[in-house]
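Please read the following briefing alongside the sequence and the model.

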Amino acid sequence: MARNTSTSLNLLTHSFSRSIFPSPSLSHSHPLPSLEETDFGDEEHPDIAALLSGRVPPSWAQFSLVCPPTLAQWLSTLTAHMQCVRELLVQSRPSEFWLGAFLHPHAFLAAVRQEYADDTGAGLHEIVLDVAAPSLLPASQSTTSVLLTGLYLHGASWNGALAEMRPREVYSPLPPLRLQPTTLTTARPNTYSCPVYPSATRARGRRAIFAATLPCADTEFWLLRGVAALLHPFDVSL
């Protein structure tokens, strides 16, 4: 999974080079010219026009799960992604995963299911992913039990359970959620099955990645509110 994401980042780097320095003579083997000396080529080209206006070039955006509204936000997010992938490639298996670092989070979830199937002999069709607040799902000795970090609530706040949003609050950070593959389903009272989306733009036919079980006092209230969790606190997605 990390290697697939690393490959995508390498392709993105190549796209950077082609977008900014279209001339073959401008490569990593030659000294980079100053900004005043750089020929950006056709300013009507979509990538060049986007760069000059502070937006994310179309050829770069295709390598993102979500596309922040500004180039500065996009580059900041890319830096965090690259750091996370670098750590995954050199470390032994961590117990926590930032799901937003993966360009294809569905692939990560599928890998967790496959690993559980290999360990237990269960059929893939029998396995469900139980994702819940740690207070609802105690730690397991299973190596396939992991924590998912970096999620945000949209439409509610968090104080150990779902709560009303604070003034001027748009996104509320969630604590790490525990993911445990299992073949058993557990009904939990006073909880809300919170859909998890890549970004706040969830009205374009985009399906939820999974649902997380969160404690609450009134399930119907939060269902009508349309509360969701997000991998990225952005309003623009691909």
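The points below are grouped by topic.

This is a predicted model, in which local features need pLDDT of at least 70 and side-chain atom pairs count only at pLDDT 80 or more, while totals for chains, interfaces and linings use all residues. Residues are numbered from 1 along each chain as its sequence is written, and side-chain values use heavy atoms, with hydrogens and water left out.

**Helix α5**
- Helix α5 covers residues 105–120 and has 16 residues; helices (H or I, at least four residues) and strands (E, at least two) are DSSP runs, numbered from the N terminus.
- From first C-alpha to last, α5 reaches 23 Å, close to the 22 Å expected at 1.5 Å a residue, where the expected span is 1.5 Å times one less than the number of residues.
- Glycine 121 follows α5 and has a positive phi, near 80 degrees.

**Aspartate 130**
- Aspartate 130 lies in strand β2.
- Its relative accessibility is 14%, so aspartate 130 counts as buried (under 20% relative accessible area; exposed is over 50%, partly exposed in between; 1.4 Å probe, protein chains only).
- Leaving aside residues up to four places away in sequence, aspartate 130 touches Leu137, Arg178, Leu179, Gln180, Thr182 and Arg188 (heavy atoms within 4.5 Å).

**Aromatic rings**
- Rings of Phe, Tyr and Trp (its six-membered ring) pair if their centres lie within 6.5 Å; planes under 30 degrees apart count as stacked, over 60 as edge-to-face and the rest as tilted.
- The count comes to three aromatic pairs.
- Phenylalanine 102 and phenylalanine 108 are stacked because their ring centres are 5.1 Å apart and their planes at 15 degrees.
- Ring pairs link Phe97, Phe102 and Phe108 into a cluster.
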